[in-house]
Amino acid sequence: MNGIDVLGPQISVLLAAGVVIIADSLFPAQRRILPFVALAGLIAAALWTTSWVSRGDYQTVFHGTIALDRYAVFFQYVFAGVTATVVLASIDWVNREGRRQGEYYALLLTVCAGLMFLAGARDLITIFIALELSSIPQYILAGWGKDTKSSEAGLKYLLLGAVASSLLLYGMALLYGVTGSTLLPDIAAAIETNGESYRGLLVVAMTLLIAGFGFKMAVVPFQMWVPDVYQGAPTPVAAFLSVGSKAAAFAVAVRVFFEALGADFLSDDWSMIFAVIAAVSMTLGNLMAIAQPDIKRMLGYSSIAQAGNFLVGLAAISVTGEEFTLGASGILLFVAAYAFTNLGAFVAVIAISQKINSDKIADYAGMWKVSPFLALGLAFCLVSLTGIPPTVGFWAKLYIFNAAVRADLVWLVVVGVLNSVVSAYYYLGVVRVMFLGQPGTEQRFRASPSIAVALTATAAGVLVFGIVPAPLMSAARDAVEIFAR
Amino acid sequence: MELSILIFLPAIAAAVILLLPQRLEQQARWVALVTAAAMFVLSVQMFFQFDRDAGGYQFVERHRWVDIGAFNLQYLVGVDGLSLPLVVLTTCLTLASVLVSFSVTHRPRAYFACLLVLASSVVGVFVSLDLMLFFLFWELELFPMYLLISIWGSGRKEYSATKFVLYTIAGSAFMLIGILVLAFDAQTFDIERLAAAEFQDTLLPLGWVFFLLFIGFAVKLPIVPLHTWLPDAHSDAPTAVSVMLAGVLLKMGGYGIIRLCVTLMPEVAHDWDAWMAGIGAFSVLYGGFITLRQTDVKRLIAYSSVSHMGLVLLGIGALGSTGLTGATYQMLAHGLITGLMFVMIGLMYERTHTREIARLGGLARQMPLIATGMVFAGMASLGLPALAGFIAEVTVFLGAFQRFEWAVLASIVGVVLSAGYILWMLQRVMFGPVRHEWDELSDQRHWWEHTVVAGLAALVVLLGVYPALIMDVIEPAMTTLAARLQA
């Protein structure tokens, strides 16, 4: 019984995936209910998670390989919410595409289940398998479109993803070789006792892990797949990649680095590596984003820059004392803020690009007059991505930069803040085009109900947590308490 | 309670205006007028209720806002002798801006809503006593300004609006780092507690922190060489926005330097005092010379603002109670005088549709009332005794003379220049041979035009002949600050 209870969320999601596929083939006439089956599975998962929280029953299960702690709970909520939003945003696109609808939703749900496993995994093997479970459906989804661009995106993502997975596996193998365990706490204990003598090997293992995770996070220099895949993949899938897979990479990276590799002599090294990667990602991502005429490519490069912001939290580990986990909680806050913001932006882009059949920023001219709701929603999310108050993006940046200031990384904060200014140029450039440009057509259009629900929910999150950020902040802080020393 | 009303009343009114049905859209101006008038009355009432002998922050409101570990943010507002007059100035010029906008018919709902949100955020900047709240309002002001300039402006309006926003964001980005470093060291965002804190081993040397904050405010003030956004923003902004921009937004810079740089880091301010005075004097002079070369009336007044705001920095650099009082008084005087000047230029431009000095001339014949108002504003601007500007300039010079004789002498040259460019401008625009192409144009005639011109002119005279009315509020606060600076 215990096992079912612990894996309840994953099981409900996978069950929904199975039902969706079977229902699709048995009742092809009733296809419009498929997304709602998927949503029901996700809601069931969220409710199951809530029932744990209300029982306060935090524990580790399956010989310590899966943890059921506040940290896992936080991410399970995030993943369920992200997937639900993507399902909502996909409905129109899938209906128009017409084919293999059941498989599409089933793959989305499978990714979600993989991500949920990842949230609680604290064993290297479990981590790797969960990561693959979430990755392989994503490769398929990236190539889901009918055009060659989408196929190219899928293939590119698959090949580079395979390389990244193998790097990760090498890193894990080395780590196991040095410490003799795959369980994160045991690794930490082994490093504590005689890790110093294997420092060289550990640094190599760590570098390989960073490379593997860096690919999923989409940080420089592992970012080259991002713009092509974002542009080529169907837009709802790109939205999913930009938020879900990035969040998962950070979820597992924070756990591995804080729980297993938190020893002082190692953390000095990786905090420095992360700081440099963060600075380079922000700068390159922003500079490249400026020149993009295509909004999906622009969002792709901007997601590289945003990943740099996340990394500031990992770099800020050298905070001592009770604030040791400040950087980690900053990452969680940023994940939540970014999920609301970036999904909102993508939902608006999905709706707009379906109407105008173009992803060119220039074609967004005068969107304010054509569809005020979508234009306003997109503008608000872009403002939040820039980090201007009163949006949740502002608080996330503030919180994470504050952690960096406390960790003596003022130089990194300076880089980050200057980058925010650079990013204002292209984010607000889109806003300017939408509000001040002349529309090509006077034909007004409305967003479909599913898009309207998705955009309202995300934009409301951006605004509400922009004014009252405290609940989100305390959730993030509670979640990382398990790493406190 | 009063301060919260001042912040939130215009925001709520803006929402009401946006919700007006289409057929009532021309009535938006009345909602805005009633709101602005109510704000003005309330702030004047506060001005007289303010206890001049007690000093310190009054009308304080304190609520917990975000209270998570390292973050201890409060909704904390209050006014003292420095901020109260600036709040009154803001509400006064908001009222003036609404009045001069009475003829706006292009998307009036959005326009008046933006204007009111702008007023709300500027009041918020002046009354916030929590650094993060201050920063929030500081950024919030960008949204309405961007829209106001880029939608209702003229000329290269989008370019100017974008330039304005990027300059300010760049400045405030530096400011944010400074704020974080200070708040981290003192473990609080409360300005009053920060002022009492001793900063030790901050993450950055305190001098750098001072510099970071100073840059943020200097962009707004603006000082030479960070001033180039100002003429562009002014020349492309609609009249009411020019009034708000010159009248109150520039003052946010001066206010920030006094409230944060000088109050929180007095030792560093001492190290930098000669620099501040020098930059101030240089801005006065440089602004004066550049102004002489302008061919567009609005750009001319914009550059003269650079010159006049240099005096504020000179007064602050003196770091004495007289200098600081003079600087504050100069902010008020400049707000009213330049506000009036932009109103007059706006009235003229509404009729002639050009601001090119070479195309104007002899307008005093066709529009005598507007000419009178503009000559009056010009006289006030060049520092004619018995008007507000004179008192302010003299106080600044008195305060700075003992310490920075050279800077004062240089600034006096700048003041002489101002007489030159103002008189020359008036002569070319209002006097000289009559141009018959303007014969058909009407003079100032609507009640709102009369009200705003007469009202602002009366205040300029009032501040010129009875300075004690306001000095008595400013000076105790500045004396307390100066005493801390000497210690």
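Student: What share of the residues of chain A count as buried, and what makes a residue buried?
Tutor: In this predicted model, 61% of the 485 residues of chain A count as buried.

Student: What makes the largest nonpolar core a core, and which residues have the most contacts inside it?
Tutor: Its members are buried residues of the nonpolar kinds joined through C-beta atoms within 7 Å, and the largest such set has 402 residues. Those with the most contacts inside it are L109(A), L118(A), A315(A), A404(A), V343(B) and V460(B). Helix α14 of chain A, residues 326-356, gives the most to this core, with 21 residues.

Student: Which residues does V460(B) touch?
Tutor: Leaving out residues up to four places away in sequence, V460(B) touches L336(B), I337(B), L340(B), A380(B), L387(B) and A388(B). Touching here means C-beta atoms within 7 Å.

Student: How many residues does each chain bring to the contact between A and B?
Tutor: Chain B brings 23 residues and chain A brings 26 residues. On the chain B side, the elements giving two or more residues are β1 (58-68), α5 (131-140) and α7 (157-186). α7(B) gives the most, with 11 residues. By class, that side divides into 17 nonpolar, three polar and three charged residues.

Student: How do α9(A) and α12(A) pack, and what is the handedness of the crossing?
Tutor: Two packed helices are described by the angle between their axes and the distance between the axes. Helix α9 (residues 199-217) and helix α12 (residues 264-290) of chain A pack at an angle of about 35°, with axes 11 Å apart. α9(A) passes α12(A) in a right-handed crossing. Among the residues making the contact are M206(A) and I210(A) of α9(A), and W270(A) and I273(A) of α12(A).

Student: What classes of residue make up that contact of α9(A) with α12(A)?
Tutor: The contact has nine nonpolar, one polar and two charged residues.

Note on methods
Residues numbered from 1 in each chain as written. Chains lettered and ligands numbered in written order. Predicted model: local features only at pLDDT ≥ 70, side-chain atom pairs only at ≥ 80, totals over all residues. Buried ≥ 20, exposed ≤ 12 C-beta atoms within 10 Å, placed from the backbone. Helix = DSSP H or I, 4+ residues; strand = E, 2+ residues; numbered from the N terminus. Contact = placed C-beta atoms within 7 Å. Nonpolar A, V, L, I, M, F, W, Y, C, P; charged D, E, K, R; others polar. Axes fitted to C-alpha atoms, helices over the stretch in contact; angles between N-to-C directions. Left-handed = near helix turned anticlockwise from the far one by under 90°.
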